[in-house]
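Grab a pencil and work through these exercises one by one. Try each task yourself before you read its solution.

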Amino acid sequence: MTDVHSEGSLEARGLVKDFRLRSGFHVTTLHAVQDVSFTLTPGRTVAVVGESGSGKSTVARMIAKLESPTAGQVLLDGSPSPERGKALTDYRRQVQMVFQDPFASLNPFHTIAHHIERPLRLHNPRMTAEEAHARAVELLDRVRLTPGEKFMMRRPHELSGGQRQRAAIARALAPGARFIVADEPVSMLDVSIRLGVLNLLADLQRQEGIGVLYITHDLATARHFSDEILVMRYGQVVERGPADEVILNPQHEYTKALREAAADPDRLGQLRDEVRHASAQGAQ
Amino acid sequence: MSSDIVLEATDVSITYAVEPPVNAVKNVSLSLRRGEILGLAGESGCGKTTLAYGLNRLLKAPAVMTSGEVVLHDREGGDIDVVSLTGDELRRFRWDKVSMVFQGSMNSLSPVLTVRKQLHDVLTTHRPGMSKGERDQRAAELLTLVGVDPARMASFPHQLSGGMRQRVMIAMALALNPQVMIMDEPTTALDVVVQRGIIREIMRLREELGFAIIFITHDLPLLIEIADRIVVMLEGEIVEEGTAEQIYRNPQSDYTRKLLSSFPSLTGERGGFVRSGNGSSGGES
């Protein structure tokens with residue numbers, strides 16, 4: 001990976017996260033993330049790929065400041081991310097998160113308008129109600145919940161999963177995010193709408209220069225959607241590199257195993273023949 | 001009636017009798033051949049699980065099968081009219097002829113009973129003649145068959161990993177040597193590497209024991225890889241049916257094409273994916 005100018009970048013440097021697990025008087029330490037570094041730049045997507053328990057979500061949560069690292073730093077434009085106060089608010093304005101479960105991440109009591117206007121006004125105290133409303137409609141149009149006006153007064157239960165995830169993306173854009181951390185943003189959506197949501201993120205990244213951290217277990221979308229891929233296992237990065245390189249020419253055993261395990265329609269009937277062959281041999 | 005067909009559903013309709021009624025499955029006909037893997041593909045709400053429950057007589061109110069016929073051509077000879085089964089006959093049919101593996105293994109295994117007890121339950125209910133020793137032996141045999149160490153019999157489900165729990169579920173579904181196994185998203189909740197191991201195991205068991213499988217999933221690429229034939233469902237209806245090869249190489253319905261393009265290929269083209277490397281972002285570093 002090449003070095004990037006620290007200006008305009010979001011950098012994870014040597015992130016470590018240990019969790020203390022207590023059972024009775026017995027305390028053990030779980031090394032959830034061990035020494036993970038990468039740099040997000042505007043208009044670029046970095047994917048972190050791994051299975052459950054690999055530490056990929058913990059990385060996302062540290063970047064979004066929902067979890068503080070045991071060691072290591074997150075640097076925005078070259079300076080360490082703040083821990084509290086106005087500076088932290090300002091960091092959060094720029095780095096926003098989109099969660100996996102759009103059914104849990106939107107408040108069922110509030111309208112979509114509330115979800116979008118609230119971050120707008122929190123981060124722009126001088127904005128009037130009319131301005132916030134107009135901007136919220138604009139944002140909904142931007143994420144293709146059109147016409148935006150129609151979606152404003154709806155509540156989350158009146159939206160499909162894909163629409164909810166779009167609303168969550170609009171909410172992340174509202175305060176003026178430069179970086180979006182998307183933690184498995186489509187894994188809970190129906191397959192035929194997944195690409196629509198990913199394409200929206202890709203558009204935002206391309207057209208508005210947003211830097212995206214894409215956390216996923218799906219190698220195929222990671223490859224097509226990102227520029228750089230980090231493969232994580234047991235808290236460590238086992239392989240990293242340009243997306244096509246990592247997927248098409250994996251070096252590490254684990255990446256190869258992941259690739260092997262992904263369904264590939266081109267191997268039509270191959271598994272059946274293999275298994276048939278193996279049991280025929282076993283029977284002899 | 002061709003003898004190589006094991007389960008045949010004709011014109012099945014299932015309605016959820018709520019207000020207004022929901023027609024979840026509309027006049028669906030399908031036939032399952034002996035020893036074949038039939039893939040049932042579709043997205044949430046398309047009726048695939050409802051149909052599977054209907055085939056196994058597991059529908060609960062408000063779901064009602066409003067029309068149709070389900071016939072099992074028993075390998076011991078004779079046809080079983082599944083829809084008209086009641087009481088003890090139905091009890092003997094379920095699990096013995098057609099078993100089922102559900103999606104969430106944590107929800108389908110009892111958290112308060114050991115694996116041994118749960119495997120024994122199946123056998124005591126359906127094979128009352130078996131002695132305790134025989135049951136133990138069969139249970140150990142079943143676990144070995146699915147690649148779980150029989151020593152784990154004393155474990156409770158929470159002491160097993162997700163993959164092992166799903167293997168135990170498969171062992172349980174195999175217990176009575178059924179002719180048909182209905183698998184409803186059996187690997188969706190598992191990590192990909194584990195998923196692959198289980199799929200391989202299922203294929204091997206099918207090869208060795210010769211049961212037929214109805215494999216329900218939204219993962220069309222997986223079905224194309226493993227199934228013999230595939231049925232694609234949309235809004236309660238079958239929109240396309242064909243061999244895995246036909247569905248993959250020459251899909252007829254727009255919906256099948258859309259589903260296929262929803263999965264960008266791992267190593268090949270981008271499918272429905274619009275992203276194109278625009279100079280600054282592609283290929284460098």
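**Exercise 1. Is helix H1 (residues 56-63) of chain A largely enclosed or open, and why?**

Solution. Keep in mind that you're looking at a predicted model.

- Step 1: go along the helix and list the buried residues of H1(A): A:Lys56, A:Ser57, A:Thr58, A:Val59, A:Ala60, A:Arg61, A:Met62 and A:Ile63.
- Step 2: compare that with the helix itself. Eight of its eight residues are buried, so H1(A) is largely enclosed by the rest of the structure.
- Step 3: peek past the end of the helix. A:Lys65 follows H1(A), and its phi is positive, near 60°.

**Exercise 2. Work out whether chain A is as compact as a globular protein of its length.**

Solution. 

- Step 1: get to know the chain. Chain A is built with 11 helices and 10 strands.
- Step 2: The C-alpha trace of chain A spans about 80 × 45 × 40 Å along its principal axes.
- Step 3: look inside. In chain A, 45% of the 284 residues count as buried. Take the contacts with a separation of 6 or more: 66% of them in chain A are between residues 24 or more positions apart.

**Exercise 3. Now do the same check on chain B: what radius of gyration does it have?**

Solution. 

- Step 1: count the elements. Chain B holds 10 helices and 10 strands.
- Step 2: a compact globule of 285 residues would have a radius of gyration near 19 Å, and the 20 Å of chain B agrees with that.
- Step 3: along its principal axes, the C-alpha trace of chain B spans about 70 × 50 × 40 Å.
- Step 4: 44% of the 285 residues of chain B count as buried.

**Exercise 4. Which element gives the most residues to the side of chain B that touches chain A?**

Solution. 

- Step 1: start with the contact as a whole, where 40 residues of chain B meet 42 residues of chain A.
- Step 2: find the elements of chain B that give two or more residues to this side. They are helix H7 (192-209), helix H8 (220-226), helix H9 (244-249) and helix H10 (254-261).
- Step 3: H7(B) gives the most, with nine residues.
- Step 4: sort this side of chain B by class, and you get 15 nonpolar, 12 polar and 13 charged residues.
- Step 5: zoom in from the other chain. A:Leu258 sits in helix H10 (residues 253-261) of chain A. Its contacts, leaving aside neighbours within four places in sequence, are A:Leu219, B:Val192 and B:Val193. A:Leu258 counts as buried because it has 26 C-beta neighbours inside 10 Å.

**Exercise 5. How does helix H4 (residues 115-126) of chain B pack against helix H6 (residues 162-174) of chain B, and at what angle?**

Solution. 

- Step 1: two packed helices are described by the angle between their axes and the distance between the axes.
- Step 2: for H4(B) and H6(B), the angle is about 20° and the axes are 9 Å apart. That makes the two helices roughly parallel.
- Step 3: name the residues. B:Val115, B:Gln118, B:Leu119 and B:Val122 of H4(B) make the contact with B:Val168, B:Ala171 and B:Met172 of H6(B).
- Step 4: by class, this contact has six nonpolar, one polar and no charged residues.

**Exercise 6. Is H4(B) roughly parallel or roughly perpendicular to H5(B)?**

Solution. 

- Step 1: read off the packing. H4(B) and helix H5 (residues 132-145) of chain B pack at about 115°, with axes 10 Å apart.
- Step 2: that makes H4(B) roughly perpendicular to H5(B).
- Step 3: on the H4(B) side, B:Arg116, B:Leu119, B:His120 and B:Leu123 meet B:Arg135, B:Arg138, B:Ala139 and B:Leu142 of H5(B).
- Step 4: the classes here are four nonpolar, one polar and three charged residues.

**Exercise 7. Where is B:Pro20 placed?**

Solution. 

- Step 1: B:Pro20 belongs to the loop between strand E1 (5-16) and strand E2 (22-33) of chain B.
- Step 2: check its peptide bond. The bond joining B:Glu19 and B:Pro20 is cis, with omega about -5°.

Key:
Residues are numbered from 1 along each chain as its sequence is written. Chains are lettered from A and ligands numbered from 1 in the order in which they are written. This is a predicted model: local features need pLDDT of at least 70, side-chain atom pairs count only at pLDDT 80 or more; totals for chains, interfaces and linings use all residues. Helices (H or I, at least four residues) and strands (E, at least two) are DSSP runs, numbered from the N terminus. The radius of gyration is taken over C-alpha atoms; the globule rule is 2.2 Å times the number of residues to the power 0.38. A residue is buried if 20 or more other C-beta atoms lie within 10 Å of its own, exposed if 12 or fewer, and partly exposed in between; C-beta atoms are placed from the backbone. Two residues are in contact if their C-beta atoms, placed from the backbone, lie within 7 Å. Ala, Val, Leu, Ile, Met, Phe, Trp, Tyr, Cys and Pro count as nonpolar, Asp, Glu, Lys and Arg as charged, and the others, Gly among them, as polar. Axes are lines fitted to C-alpha atoms, for helices over the stretch in contact, and angles run from 0 to 180 degrees between N-to-C directions. Angles under 35 degrees count as roughly parallel, over 145 as roughly antiparallel, 65 to 115 as roughly perpendicular and the rest as oblique.
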